[in-house]
Amino acid sequence: NAEYMGMKILFLVLLVAGISCGTYPYLDFESDPEIAKLIDELRQIEFTGDEAITSAADFLKGIFDGLGVKEDIEKFKKCLHSIGDVLNQIKAIINLLKDISFEKIKEVARKLFEIALNLGKLLAPCVEEGSVIAAIINLIKGANPISIGVNILLNLPDFIAAAVQTVKGITSGDNYNAGFGLGRMIRLAFIG
């Protein structure tokens with residue numbers, strides 16, 4: 001409705017003004033019961049970073065499904081040689097989310113931007129011109145870390161829930177759900 005959109009626009013203006021001036025609004029994320037519950041769940045999961053992606057194809061299928069994209073994974077198999085390299089970057093994001101603050105949201109946005117760019121570079125040789133994946137890669141390349149951070153803030157409960165899904169998938173060896181959670185995180189941060 002119009003009132004909600006007005007509040008959303010006001011929030012964005014204040015947020016951008018705070019970022020531009022180097023001052024940030026006081027945000028107590030854990031005062032929201034839903035966010036507090038998700039952060040607590042995230043803190044309970046043991047994620048060492050020593051885990052591995054055992055099926056790159058399942059992980060990528062999960063990412064595509066999390067993004068809402070239907071693609072034939074077969075044509076991407078030759079581009080999946082180092083997809084497991086994203087695990088250390090995911091671990092860094094999870095550690096930031098476990099002790100969330102406004103400043104850390106900016107760092108989460110930067111790290112997710114790096115993950116998305118790296119996935120785009122990895123998949124680029126297998127992407128057909130004009131495909132949905134090509135459009136998403138171009139969207140990611142042109143993204144602004146500030147807008148990514150704003151999208152994360154505006155979708156914080158869903159974003160943290162996707163992070164929980166990612167870590168649970170990684171730690172349990174469920175590559176599809178790990179990828180699906182990461183795809184949702186990217187979608188929420190880049191598209192909203």
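Predicted model: local features only at pLDDT ≥ 70, side-chain atom pairs only at ≥ 80, totals over all residues.
## The cavity

Let's start inside the protein. Searching the whole structure turns up one cavity of 30 Å³ or more. The largest cavity holds about 120 Å³ of space. It is lined by 13 residues, and those closest to its centre are L67, L119, L123, I136 and I140.

Where does the lining come from? Helix 3 (56-67), helix 5 (102-123) and helix 6 (132-141) each contribute at least two residues to the lining of the largest cavity. In that lining, 12 residues are nonpolar, one is polar and none is charged.

## Helix 5 and helix 6

Two of the helices that supply the lining, helix 5 and helix 6, also pack against each other. Their axes come within 10 Å and cross at roughly 140°. Angles over 145 degrees would count as roughly antiparallel, and helix 5 and helix 6 are therefore oblique to each other. Their crossing is left-handed.

On the helix 5 side, the contact is made by F113, A116, L117 and G120, and on the helix 6 side by I137, I140 and K141. By class, this contact of helix 5 with helix 6 has five nonpolar residues, one polar and one charged.

## Helix 2 and helix 8

Next comes the pair formed by helix 2 (residues 33-44) and helix 8 (residues 156-172), whose axes are 9 Å apart and meet at an angle of about 20°. Angles under 35 degrees count as roughly parallel, so helix 2 and helix 8 are roughly parallel to each other. The crossing of helix 2 and helix 8 is left-handed.

Helix 2 brings E34, I35, L38, I39, E41 and L42 to the contact, while helix 8 brings L156, P157, I160, A161, A163, V164, V167 and K168.

## Helix 3 and helix 9

The last pair joins helix 3 to helix 9 (residues 175-190), with axes that come within 6 Å and cross at roughly 35°. This crossing of helix 3 and helix 9 is right-handed.

Which residues meet here? From helix 3 there are D58, F59, K61, G62, I63, D65, G66 and L67, and from helix 9 there are N175, Y176, A178, G179, F180, L182, G183, R184, I186 and R187. The contact of helix 3 with helix 9 divides into eight nonpolar, five polar and five charged residues.

Technical notes: Residues numbered from 1 in each chain as written. Heavy atoms only, no water. 1 Å grid on protein atoms, 1.4 Å probe; cavity = no way out; pocket = protein on both sides within 12 Å on 5 of 7 lines; lining within 4 Å. Points joined across faces, edges and corners; volume = space filled by probe spheres on them. Helix = DSSP H or I, 4+ residues; strand = E, 2+ residues; numbered from the N terminus. Nonpolar A, V, L, I, M, F, W, Y, C, P; charged D, E, K, R; others polar. Axes fitted to C-alpha atoms, helices over the stretch in contact; angles between N-to-C directions. Parallel < 35°, antiparallel > 145°, perpendicular 65-115°, else oblique. Left-handed = near helix turned anticlockwise from the far one by under 90°. Contact = heavy atoms within 4.5 Å.
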